[in-house]
Amino acid sequence: MIVTTTPNIEGKTIRDYRGIVIGEVIVGANLFRDLFASITDIVGGRSGKYENVLKRARDEALLEMQAEAAKLGANAVIGVDLDYEVVGDKGSMLMVSSSGTAVITD
């Protein structure tokens, strides 16, 4: 399945719009509370542990969105947007959501 942030796919004609599709993943609490609490400890470097969790959540949200598009008979998702939001009563969880328009292309 083609997934793109653009409103069209070069070289393809959109034959039908199937609707908006969304994928959402909420990542557990303590990991991100620890991240924000220890951000000052990460000076000039990157935290591979946290980056891996973010990547996994993003990948899962995109896969969920693609599965929803496939259920609608689509073979592509255009106009994809990724959002990250801290949620929970103490900002203890991270939600990653992806949304786009499911389409059928030739």
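**Surface**

I looked up the accessible surface of the chain first, and it comes to about 6,500 Å². Carbon and sulfur atoms hold 52% of that surface. I noted that the model is a predicted one. I then checked burial: of the 106 residues in the chain, 29% count as buried.

**Elements**

I listed the secondary structure and found two helices and four strands. Read from the N terminus, the order is β-β-α-α-β-β. I also looked at how far apart in sequence the contacting residues are.

**Strand pairing**

I started with strand β1, which covers residues 2-3. It pairs with strand β3, residues 76-87, in the parallel sense, over two bridges. In this pairing V3 has V77 of β3 as its bridge partner.

Next I followed β3 to its pairing with β4. These two strands run in the antiparallel sense and are joined over ten bridges. I picked out D83, whose bridge partner in β4 is S97. The hairpin of β3 and β4 has five residues between the strands. In that hairpin I found G88 with a positive phi near 105°.

**T105**

I turned to T105, which is in strand β4, residues 93-105. Is T105 buried or exposed? Its relative accessible area is 9%, and the cut-off for buried is under 20%, so T105 counts as buried. I then listed what T105 touches, leaving out residues up to four places away in sequence. The list is I9, K12, T13, I14, R15, N75 and A76.

**V27**

I looked up V27 and found it in strand β2. V27 has 8% relative accessibility and counts as buried. I also took a distance from V27 to V87, a pair 60 residues apart along the chain. Their C-alpha atoms are separated by 9.8 Å.

**Salt bridges**

I wrote down the general point before looking at pairs: side chains of opposite charge can pair when their charged atoms come close. How many salt bridges does the structure hold? I found four, and I looked at some of them.

One of them joins the side chains of R15 and D106, at 3.0 Å from N to O. R15 is in strand β2, residues 14-27, while D106 is in the segment after β4, so this pair ties together parts that are 91 residues apart in sequence. R15 counts as exposed, at 57% relative accessibility. D106 is partly exposed, at 42%. I noted that R15 is also among the residues that T105 touches.

I then went to R18 and D16, whose side chains meet in a salt bridge at 2.7 Å, N to O. R18 is partly exposed at 37% relative accessibility. D16 is partly exposed as well, with a relative accessible area of 32%.

I also checked K55 and D59, which form a salt bridge with the closest N and O atoms 2.7 Å apart. How are K55 and D59 placed in helix α2? They are four residues apart in this helix, residues 48-71, so about one helical turn separates them. K55 is partly exposed, with a relative accessible area of 42%. D59 counts as partly exposed too, at 29%.

Technical notes. Residues are numbered from 1 along each chain as its sequence is written. This is a predicted model: local features need pLDDT of at least 70, side-chain atom pairs count only at pLDDT 80 or more; totals for chains, interfaces and linings use all residues. Side-chain values use heavy atoms; hydrogens and water are left out. Buried means under 20% relative accessible area, exposed over 50%, partly exposed in between (1.4 Å probe, protein chains only). Accessible areas come from the Shrake-Rupley method with a 1.4 Å probe; for residues, only the protein chains shown count as cover. Contact means heavy atoms within 4.5 Å. Two strands pair if DSSP finds at least two bridges between them.
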